[in-house]
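Colleague: I am new to this structure and would like to learn how to read it. Could you walk me through a few features?

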Amino acid sequence: MATKPSPIDTLSKIPPRVHSSSAFVQALMSAKAMMKFQRAAQLITSSLDLEMLLDRVVNDIADAIGCVEVSVWLRDPNGEEMVLHGVRGCTTYRKGARLKIGVRGMVGHVAATGVTRYARDVTVDPYYVSCEVNTRSELSIPLMTRGEVTGVLCVDHKQTNAFAEDEVMVLEALAGHIAVAIENARLFRNERLEREQLRREAEEARAVQQSLFVKAVPLVCGFAFETAWNPAGSVAGDWFDLIDLGNERTGIVLADVSGKGMPAALLMSSTRAILRSLAKLDPSPGRTLMQLNQLLMEDFPTGKFVTMIYAVLDAQSREITIASAGHLRPLLINGKCSFLDIDTGMPLGLGTTSYPEYKVTLPPGTQLLFYTDGITEAMNHNDEEYGVDRLVEHFLQPSACIEGLIEDVRRHSHHSNHTDDATAVLIRSR
């Protein structure tokens, strides 16, 4: 952030004999006045709240030198007007008052010319517009930022010719600080507004994604489903889906889009929509993945891809047919745990490939787990992965469930900076 010489430093350069010849400087050199100007200087260099800054500045200047009125006008960036943002002692104008640049008063004139104007006797100054009845002199100083007028500091006094040359120097130095502080405060405010806008957009995107996962789970005779979706950020590239295909058949999807954040979430949404449109057209998971892959190859950005498990569960035969596009091996749980040895095609979107199918029967008491690498690759503070061994250990417990798995992964990765989306689907055969 830019800085300027302190007004107190400027004052210290005034010769002692000049100090003694000016009532204003004598007042300024008093302990009380010095403390108020020092406080104003400290506030200007530290505050990033624009309105609070300007309120304190006008009050401190007015208290230090006994002015009739002190005001700070800022240029409207969207028009040729000055807007009153800070004021003390004015009975005519309130915050938000506007005046045309170059048209009305000394403020309008200084805003147009960028040159300080001092009306030693306001009754004969051609630019002065009457405001307070006991005003006799007025000093209007431009606030400059990168060579452009961004505002005007206006100081009125009840004495004619109230300000000597050295007094103008002090106030011009203070005006320089005010201009820098205004620019810093505006930049901070704009950045804060941008962050807030991004936060709201991320929250809305998360709400939209969540709405895709809170739909009712299909009722499948003889089976139950447990699911978990835990984004590492506001949105995720992981997702699961349960699709009613009719005739007691259910499509089960678990996928992970490469990348993170909003880009991955957008690709996830488009992939999900395409898959849903294809799922009911062909009963074969392998052929469905082939069609999906062809469409994604045409649309996906270079280097982006999706790993996916797509399975079709037939509740009548208790048989599930699985095809994998470069995804992690499912875990079969039936008194012991074993990973299915599935042949897999390439991840979707990378190139032409086939997707072999694997069939397995799920008798009552059997469970089948689909999961993303955000679970097995979750790291603790020592960079140790959760890993497949811990995954197996969890599901060897009689009370194992998806909720308990996610909690176990969270405990493992507590205080770790290495986080990823964690998503899982558990199929329970009853």
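This is a predicted model: local features need pLDDT of at least 70, side-chain atom pairs count only at pLDDT 80 or more; totals for chains, interfaces and linings use all residues.

Colleague: What kind of aromatic pair do Trp 73 and Tyr 93 form?

Modeller: A pair of aromatic rings is described by the distance of the centres and the angle of the planes. Rings of Phe, Tyr and Trp (its six-membered ring) pair if their centres lie within 6.5 Å; planes under 30 degrees apart count as stacked, over 60 as edge-to-face and the rest as tilted. The search of the whole structure finds two aromatic pairs. Trp 73 and Tyr 93 form an edge-to-face one, with 6.0 Å centre to centre and 75° between the planes. Trp 73 lies in strand S1 and Tyr 93 in the loop between strands S2 and S3, so the pair ties together parts 20 residues apart in sequence. Strands (E, at least two residues) and helices (H or I, at least four) are DSSP runs, numbered from the N terminus.

Colleague: How many residues are in the largest nonpolar core?

Modeller: In soluble globular proteins, nonpolar side chains tend to be buried together. A nonpolar core is a set of buried Ala, Val, Leu, Ile, Met, Phe, Trp, Tyr and Cys residues joined through side-chain atoms within 4.5 Å. Here the largest has 30 residues, and Leu 143 and Phe 163 are among those with the most contacts inside it. Helix H5, strands S1, S5 and S6, and helix H7 each supply at least two residues of this core. Apart from it lies another core of 25 residues, including Leu 296 and Ala 323.

Colleague: Where is Ser 140, and which side chain does its own side chain meet in a polar contact?

Modeller: Ser 140 is in strand S5 and is buried, with a relative accessible area of 0%. Its side chain makes a polar contact with the side chain of Glu 138 at 3.3 Å. A polar contact is a pair of N or O atoms within 3.5 Å; within protein, one must be able to donate a hydrogen and the other to accept it, and residues adjacent in sequence count only if both atoms are side-chain atoms.

Conventions. Residues are numbered from 1 along each chain as its sequence is written. Side-chain values use heavy atoms; hydrogens and water are left out. Buried means under 20% relative accessible area, exposed over 50%, partly exposed in between (1.4 Å probe, protein chains only).
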